[in-house]
Amino acid sequence: MRVLACDKVDPAAIAMLRAAGHDVVEATGLKGDALVAALAGASGLVVRGATKVTGDVIRACPDLKVVVRAGSGLDNVDRAAAEARGVKVCNTPNANSVSVAELVFALLLALERHVVPASSDLRRGVWEKSKYQGRELSGRTLGILGFGRIGREVATRARAFDLTVLSHDPLHGTTSEGFGWVRQVQRDELFRSADLVTIHVPLHESTKDSIGAREFGLMKKDAVLVNCSRGGVVNETELHAALVAGTLRGAASDVFATEPPPADHPLLALPNFLALPHLGASTAEAQRRAGTDAAALLIEALAAGK
């Protein structure tokens, strides 16, 4: 069967698909009519986050049977349109869990030890020590909003930093098995009690802009926030206001509501805001897992649909 692979899927995944007998066409930068044209005669589609599989695209591709997102989240695929057309949609939620969890601690440590500004000063020949006195993670309280796969990986690593861990998951009422040492709390209590808050919820209508002025007002003034989930979950205008006013001491984000953000985005001008260009899954290991997991899912789904 013909398969279209977009967004630079890992070569190991392409090799798997071809070994299974599929005719694989690789492409990047496709959207709208160009994507529809490339999908002519294709039964399967593998994408990462860049390709937008809209309802118009799905409805215009009668041969399409399976869409696999190599990575977590499905906000770039119109699942309602796919369901209406009988197109199977799946993703690889386990592929990037470790990489994202590790990045959370990279951001927390960078914030609390002033890694970026201190390094920048040194490169300019400025030797500063007292200016960049930081804080330890040990002995503090970490609040994890969203206790799915990534949230659990974060919690596991938090133990090594001697952090007290709180969790709240809007989708699940109890702490996962094996995490009895994590204290499950109500949402407001998590924001009130945590010194460090990390977000791991999906983006949909109920979570869009769900973290804003109200939540920042609940948080301790010396608390910091890390977002490695989806940009639209945090209201960026209200985050900017909280950081400027000192309601929140610092924040780091790997994601933005619009990616890439404009160069004049107000948050990028703040010294207490650390930004990355959506690097959560950008490790060799996560890329390979996402690709090979996606290939396995696609091979199985196409075989079942014969």
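A: Start with β10 (residues 224-227) and β11: the two run parallel and are joined by four bridges. The helices (H or I, at least four residues) and strands (E, at least two) here are DSSP runs numbered from the N terminus, and two strands count as paired if DSSP finds at least two bridges between them. This is a predicted model, in which local features need pLDDT of at least 70 and side-chain atom pairs count only at pLDDT 80 or more, while totals for chains, interfaces and linings use all residues. Residues are numbered from 1 along each chain as its sequence is written, and side-chain values use heavy atoms, with hydrogens and water left out.

To find your place in that pair, look for V224, whose bridge partner in β11 is G250. Along β10, V224 and V226 point one way, L225 and N227 point the other, and all of them are buried (under 20% relative accessible area; exposed is over 50%, partly exposed in between, with a 1.4 Å probe and protein chains only). Follow the chain past β11 and you come to P260, in the loop between β11 and β12 (273-275). The peptide bond from E259 to P260 is cis, with omega near -5°.

Now go back to β10 and look at another partner. β9 is joined to β10 by four bridges, and these two also run parallel. Here T198 stands opposite V226 in β10.

β9 (196-199) also brings in the helix, as the buried residues of α7 pack against α5 (97-112), β6 (141-145), β7 (164-168) and β9 (contact means heavy atoms within 4.5 Å). In α7 (residues 149-160), the buried set is I150, G151, V154, A155 and A158. They sit on the same side of α7 because they cover an arc of only 140° around the axis, the arc being that of the directions from the helix axis to the C-beta atoms. Just after α7 comes D162, which takes a positive phi of about 60° although it is not a glycine. You'll find D162 in the loop between α7 and β7.

R159 leads on to the rings. Its charged end sits over the ring of W181, 4.2 Å from the centre (the rule asks for NZ of Lys or CZ of Arg within 6 Å of the ring centre and within 35 degrees of the ring normal). W181 is partly exposed, at 29% relative accessibility. Ring pairs link W181 with F179 and F147 into a cluster.

A search of the whole structure finds four aromatic pairs, meaning rings of Phe, Tyr and Trp (its six-membered ring) with centres within 6.5 Å; planes under 30 degrees apart are stacked, over 60 edge-to-face, the rest tilted. F147 and F179 make one of them: their centres are 5.4 Å apart and their planes are at 90°, so the pair is edge-to-face. F147 lies in the loop between β6 and α7, and F179 in the loop between β7 and β8 (183-184), so this pair ties together parts that are 32 residues apart in sequence. F147 is buried at 4% relative accessible area, and F179 counts as buried too, at 13%. F179 also pairs with W181, this time tilted, at 5.8 Å centre to centre with 40° between the planes.

One last stop is L137, in the loop between α6 (115-123) and β6. L137 is buried, with a relative accessible area of 4%. Apart from neighbours within four places in sequence, L137 is in contact with F105, L108, L109, E112, F161, L163 and L196. For a sense of scale, L137 and L17 are 44 Å apart in space, C-alpha to C-alpha, and 120 residues apart in sequence.
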